[in-house]
Amino acid sequence: MSGRFITLEGGEGAGKSTQLRALAAALAARGIDVVTTREPGGSPGAEAIRSLLMEGSDDRWDARSEALLFAAARADHVARTIRPALARGAWVLCDRFVDSSRAYQGGGGGLTDADILALHAFGSEGLLPDRTFLLTLGGGEAAKRLSVRDAAGADRMGSKPADYQARLAARFAELAAAEPDRWRVIDAGGAPDAVTSRLMEHLEPWL
Ligand SMILES: Nc1ncnc2c1ncn2[C@@H]1O[C@H](COP(=O)(O)OP(=O)(O)O)[C@@H](O)[C@H]1O
Ligand SMILES: [Mg+2]
């Protein structure tokens with residue numbers, strides 16, 4: 001028995017966490033055993049590493065150390081949470097996964113996509129999702145959503161300028177285009193319910 005591994009990707013403010021909750025509810029209503037989780041984190045060890053990654057100044061870690069911390073957190077998350085859930089037949093919905101490392105860490109600081117994939121091959125034995133949804137939203141719209149959500153201030157990962165967000169969006173689009181069987185690009189605009197329906201449409205064949 002093996003469940004389905006589904007990840008949500010995209011820039012901050014696109015609605016990943018909102019849609020993860022909505023998808024979990026919609027799938028549970030169909031009688032599916034659903035596990036929701038997030039990166040970095042998703043297991044006690046990985047949550048401890050998450051604090052190291054999310055707190056502190058922007059330059060707390062150099063690029064290589066940061067990539068290793070993400071990979072270490074993911075390895076524990078995969079071994080302790082994701083693989084056991086899939087093995088018992090649950091569907092795992094994960095808010096960000098290795099593709100976020102590829103998009104955020106694999107295109108700068110002297111690190112390549114191949115570097116990130118090599119760390120993932122070792123740490124998580126290369127586990128990839130069955131389906132990855134890329135939530136796309138214009139930069140202005142995402143910023144608007146974030147200004148409401150993060151009135152109290154962003155963390156280490158969330159306070160980057162607009163040109164950075166645009167490069168990130170382009171990078172995600174490249175990853176999606178390179179692996180069209182795994183990825184589905186979803187318009188994240190409009191009401192939350194409408195976005196959830198778009199996502200569910202793509203999962204319908206598995207239901
Ligand atoms: N479809 C939507 N329309 C308007 N606001 C939304 C929508 N989806 C999410 N939001 C709000 O926008 C903010 C960012 O959403 P969130 O799910 O936290 O995004 P992400 O996890 O991708 O950063 C939250 O305050 C959320 O309530
Ligand atoms: Mg989120």
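A polar contact is a pair of N or O atoms within 3.5 Å; within protein, one must be able to donate a hydrogen and the other to accept it, and residues adjacent in sequence count only if both atoms are side-chain atoms. In this predicted model, local features need pLDDT of at least 70, side-chain atom pairs count only at pLDDT 80 or more, and totals for chains, interfaces and linings use all residues. Residues are numbered from 1 along each chain as its sequence is written, chains are lettered from A and ligands numbered from 1 in the order in which they are written, and side-chain values use heavy atoms, with hydrogens and water left out.

Backbone atoms make polar contacts with ligand 1. A backbone N or O atom of Gly-15 is 2.9 Å from a ligand oxygen. For Ala-14, the corresponding backbone N or O atom lies 3.3 Å from an oxygen atom of ligand 1. A polar backbone atom of Pro-192 sits 3.2 Å from a nitrogen atom of the ligand. On its own, ligand 1 has 550 Å² of accessible area, of which the protein covers 77% (Shrake-Rupley method, 1.4 Å probe; for residues, only the protein chains shown count as cover).

The shell around ligand 1 holds 13 residues (a residue is near if one of its heavy atoms lies within 4 Å). Gly-13, Lys-16, Thr-18, Arg-149 and Gly-190 come nearest. By class, the shell has three nonpolar, six polar and four charged residues. Here Ala, Val, Leu, Ile, Met, Phe, Trp, Tyr, Cys and Pro count as nonpolar, Asp, Glu, Lys and Arg as charged, and the others, Gly among them, as polar. Helices α1 (16-29) and α6 (139-149) each supply at least two shell residues. The largest share, three residues, comes from α1. Helices (H or I, at least four residues) and strands (E, at least two) are DSSP runs, numbered from the N terminus.

Helix α1 also packs against α8 (residues 192-203), at an angle of about 55° and with the axes 10 Å apart. Axes are lines fitted to C-alpha atoms, for helices over the stretch in contact, and angles run from 0 to 180 degrees between N-to-C directions. The angle therefore makes α1 oblique to α8 (under 35 degrees is roughly parallel, over 145 roughly antiparallel, 65 to 115 roughly perpendicular, the rest oblique). The crossing is right-handed (left-handed if the near helix is turned anticlockwise from the far one by less than a right angle, right-handed if clockwise).

Helix α3 (residues 63-87) takes part in two further pairs. The axes of α2 (residues 44-54) and α3 come within 8 Å and cross at roughly 160°. Helix α2 is therefore roughly antiparallel to α3. Their crossing is left-handed. The axes of α3 and α5 (residues 113-123) come within 9 Å, crossing at roughly 30°. So α3 is roughly parallel to α5. This crossing is right-handed.

Two loops show backbone features. The peptide bond from Glu-39 to Pro-40 is cis, with omega near -15°. Pro-40 lies in the loop between β2 (34-38) and α2. Arg-96, not a glycine, has a positive phi of about 75°. Arg-96 is placed in the loop between β3 (91-95) and α4 (98-104).
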